[in-house]
Amino acid sequence: MKAFKAKQVTPLLAGDSQLMKMWKEAAAEDRLTAFRKDGENWVGVKDEALVAVLESRGVKGEPWNG
């Protein structure tokens with residue numbers, strides 16, 4: 001599981017309908033968790049495939065234990 005800054009993920013979602021579909025499916029299955037850390041919005045991702053796609057697009061996640 002990894003956490004990503006929301007401001008890094010949002011532009012990717014807006015520009016990629018396939019990624020948005022994966023994101024919505026993960027959200028529907030409770031595999032995403034929104035939280036605040038150090039005054040910033042973050043999203044914890046429990047879906048390994050989604051983590052792999054985000055990281056392949058240049059967004060680096062941080063380890064997260066949910």
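Strand 2 and strand 3 run antiparallel and are joined by six bridges; two strands are taken as paired if DSSP finds at least two bridges between them. Helices (H or I, at least four residues) and strands (E, at least two) are DSSP runs, numbered from the N terminus. The model is predicted, so local features need pLDDT of at least 70 and side-chain atom pairs count only at pLDDT 80 or more, while totals for chains, interfaces and linings use all residues. Residues are numbered from 1 along each chain as its sequence is written, and side-chain values use heavy atoms, with hydrogens and water left out. Within the strand pair, Phe35 stands opposite Trp42 of strand 3. The hairpin of strand 2 and strand 3 has two residues between the strands, and Asp38 takes a positive phi near 55° there.

The protein as a whole contains three helices and four strands, arranged along the sequence in the pattern β-α-α-β-β-α-β. Its radius of gyration is 11 Å, close to the 11 Å that the globule rule gives for 66 residues, so the protein is as compact as a globular protein of that length. The radius is taken over C-alpha atoms, and the globule rule is 2.2 Å times the number of residues to the power 0.38. The C-alpha trace spans about 30 × 20 × 15 Å along its principal axes. Of the 66 residues, 33% are buried, where buried means under 20% relative accessible area, exposed over 50%, and partly exposed in between (1.4 Å probe, protein chains only). Among contacts (heavy atoms within 4.5 Å) between residues at least 6 apart in sequence, 62% join residues at least 24 apart.

The axes of helix 1 and helix 2 come within 6 Å and cross at roughly 115°. Axes are lines fitted to C-alpha atoms, for helices over the stretch in contact, and angles run from 0 to 180 degrees between N-to-C directions. From helix 1, Val9, Leu12, Leu13 and Gly15 meet Ser17, Leu19, Met20 and Trp23 of helix 2. The residues of this contact comprise six nonpolar, two polar and no charged. Here Ala, Val, Leu, Ile, Met, Phe, Trp, Tyr, Cys and Pro count as nonpolar, Asp, Glu, Lys and Arg as charged, and the others, Gly among them, as polar.

Seven salt bridges are found in the whole structure, each defined by a side-chain nitrogen of Lys or Arg within 4 Å of a carboxyl oxygen of Asp or Glu. One of them joins Lys5 and Glu40, at 3.5 Å from N to O. This pair links distant parts of the chain, with Lys5 in strand 1 (residues 2-5) and Glu40 in strand 3 (residues 40-45), 35 residues apart. Lys5 is partly exposed, with a relative accessible area of 24%, and Glu40 is partly exposed at 23%.

Asp16 forms a salt bridge with Arg57, their closest N and O atoms being 2.6 Å apart. Asp16 lies in the loop between helix 1 (6-15) and helix 2 (17-28), and Arg57 in the loop between helix 3 (48-56) and strand 4 (62-63), 41 residues apart. Arg57 is partly exposed, at 41% relative accessibility.

Arg31 and Asp47 form a salt bridge in which the closest N and O atoms are 1.8 Å apart. The loop between helix 2 and strand 2 (32-37) holds Arg31, and the loop between strand 3 and helix 3 holds Asp47, 16 residues apart. Asp47 is buried, at 12% relative accessibility. Elsewhere, salt bridges that share partners join Lys5, Lys7 and Glu40 into one network.
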